[in-house]
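Let's take a walk through this structure together. Have the sequence and the 3D view open side by side as you read.

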Amino acid sequence: MSLRSLSRAAYYAVMVVLAVPFVFPTLWMIGASFKSNQAIFAEPLGLLPSRVDWANYAQVFRDYPFAAQYLNSVYIAVIVTLATLLLGALAGYGFARLNFPGRDLMFIACLSAMMLPSEAVSIPQFALFKAAGLVNTHAPVILLQIFGGTGALAVFLLRQHFLTVPRELDEAALIDGLGRWGIFWHVMLPLARPALVAVGIFAFLNSWNDYFNPLIYLNSGERFTLPLGLQGFTDPLGGIFWNLTLAASTLATLPLLLAFLVAQRHFVESLTSSGLKG
Amino acid sequence: MLKARTAAPPRVVKRRRGWESPWVGFAFVAPFMLGLTVLFLGPVLAVPVLSLLNWVLPDAPTWAGFSNYARLARDPEVLRSTWITALFVAGLVPLNIGLALGLALLLNVKARGVGLFRTLLFSPVVVPLVAWALVWRFVLQPDFGLVNNLLGRIGISGPNWLFEFPWALVAVIVSMVIEHVGLNMLIFLAALQGVPREVHEAAVIDGASRGQVFWKVTLPMISPTVFLTLVVTIIGALKAFAPIYVLTGGSDSASVLMVQMFKNGFKYFDFGYASGIAWVLFVVMLLLTVGQWQMRKRWVHYES
């Protein structure tokens, strides 16, 4: 064995060991989701179930409002993602290209919304939604995602992107008689596709993961979204049915994980080229 | 003839530009800015005002002056939470940035399978926060969890990872870093790949060791990226709530200021007092951000 292949073997050994804590929790979750509660406790180390048993998955849907919770998460994340993309691109283009009084001040306000923790603003927000009679509806969960830190990040990233597009493109289109809206819709948006993909991924993941707002606004099980729903598999004393929890967690994870694995090249490239790298 | 043709287009552009009213710009930013003003900027300004009220639901608010702040300064729970927040940020941020940089350096090589390792290390980022925290909660259970099970096999009786200080803090930090470090790792990897090869080669020819190349050449060149990542990671650490709350159930040993604010605001519905805690968080964050921008001038290298 030459020194070169020895150091190569050492490199792979190090990488494999490093990868274990990153990969093990997810694999364990999927494996244990097919076991009974007793089997999970009996052999906490085991990765593979002795047999594939779908009983946990069936029970999650049969005895709990999990299907409704799943649907809630999907429709909320889709609305949040589309609205974030549209409003973020509009504002990003406005800040990058157009002149109007107060522009810089408004942009600084956006930046500060990106930096401040939205959870720390929750008390006045709650008072507002309570006065509007919107507690225990999805409206605050949706609106606070669109008009919060993620939305501001979208505006910032898309503005940075539009700044890199040569101005001559706008001017040529103006001469061709396209209005501002036409330029935005037909010229700028198609050019911004990589940045839009990155922003869309962030908006979707942040909405899918949102825990704080559902926790304070939603109080009936069938209106919950997944992050709250996953914590609902308990007995009356608060003991957790781990088999059901892990089956539900697997269902909440798999679509995102599969989408990532299938499109990971695209995923990684758009994230790193989106200007996030500073 | 030729002269007239080249002169015409700029005049058209100029007229078009002058014609464009500021309302066009407003129209583009208004949908987002209106929502942001009502739902975020307004509430931000309301927080310090609310902190001057005595407002416990369902009672109506009354003026309290600075009494909430006097109570804050004497509240042992809040003082402990401040200390725990400081420890949490001081533990999480260096671990996250250091590990992200180390992993990016390890992945910045030409070898078969590097892409696969990149995918594996990034994959926890797409696992839902609560699912990840629940798995860790099982793995770290004191009696039957995997970690204490393994420790038991080598004769160590493991601590109660979810409730005991400082182990609960360690558990939260490690699980959060493993979940999120992939994002910073990718950002650093992209920055490292942007460092021109010739710069490295020149340094090596000049007799620099690998360590010297890293500290004196590579790190300064990616320092703008490191700085921005540092700012974002610190803010993320200060506002962390879900992973801590799901993993430890809000137990005292890991109750950071965010958890304290949540308890006072939405368990005891003491809105005035919780706003006081929120305002303390704002001020800490503002000071940290300003401090970092000051430091930036000293150690961030910009190419001119």
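What follows starts with one chain as a whole, moves to the interface, and ends with some individual residues.

Keep in mind that this is a predicted model. If you look at contacts in chain A between residues at least 6 apart in sequence, 72% of them join residues at least 24 apart.

Now bring chain B into view. The contact between the chains draws 96 residues from chain A and 88 residues from chain B. Together the two chains bury about 8300 Å², with 82% of that on carbon and sulfur atoms. On the chain A side, the residues that lose the most area to chain B are Phe22(A), Ile123(A) and Phe147(A), which together make up 10% of what that side buries. Helix H1 (residues 3-32) of chain A supplies the largest share of the side that touches chain B, with 16 residues. By type, this side of chain A divides into 72 nonpolar, 18 polar and six charged residues. Between chain A and chain B there are zero salt bridges, while five residue pairs are in polar contact across the interface.

Some single residues also deserve a visit. Lys35(A) sits in the loop between H1 and helix H2 (37-42) of chain A. Is this lysine buried or exposed? Lys35(A) counts as buried because its relative accessible area is 6%, under the 20% cut-off. Beyond its neighbours within four places in sequence, Lys35(A) has contacts that include Glu43(A), Asn56(A) and Asn243(A).

Next, turn to the backbone. Asn136(A) has a positive phi of about 65° although it is not a glycine, and it lies in the loop between helix H6 (122-131) and helix H7 (139-146) of chain A. In chain B, Phe269(B) also has a positive phi, near 50°, and is found in the loop between helix H13 (257-266) and helix H14 (271-299). Asn136(A) is buried at 14% relative accessibility, whereas Phe269(B) is partly exposed at 31%.

Finally, look for the cis peptide bonds in chain B. One runs from Leu57(B) to Pro58(B), in the loop between strand S1 (53-54) and strand S2 (62-63) where Pro58(B) is found. Another runs from Phe165(B) to Pro166(B), and Pro166(B) lies in the loop between helix H7 (146-153) and helix H8 (167-193) of chain B.

Technical notes:
Residues are numbered from 1 along each chain as its sequence is written. Chains are lettered from A and ligands numbered from 1 in the order in which they are written. This is a predicted model: local features need pLDDT of at least 70, side-chain atom pairs count only at pLDDT 80 or more; totals for chains, interfaces and linings use all residues. Side-chain values use heavy atoms; hydrogens and water are left out. Contact means heavy atoms within 4.5 Å. Buried area is the accessible area (1.4 Å probe) that two parts lose on being put together, summed over both. A salt bridge is a side-chain nitrogen of Lys or Arg within 4 Å of a carboxyl oxygen of Asp or Glu. A polar contact is a pair of N or O atoms within 3.5 Å; within protein, one must be able to donate a hydrogen and the other to accept it, and residues adjacent in sequence count only if both atoms are side-chain atoms. Helices (H or I, at least four residues) and strands (E, at least two) are DSSP runs, numbered from the N terminus. Ala, Val, Leu, Ile, Met, Phe, Trp, Tyr, Cys and Pro count as nonpolar, Asp, Glu, Lys and Arg as charged, and the others, Gly among them, as polar. Buried means under 20% relative accessible area, exposed over 50%, partly exposed in between (1.4 Å probe, protein chains only).
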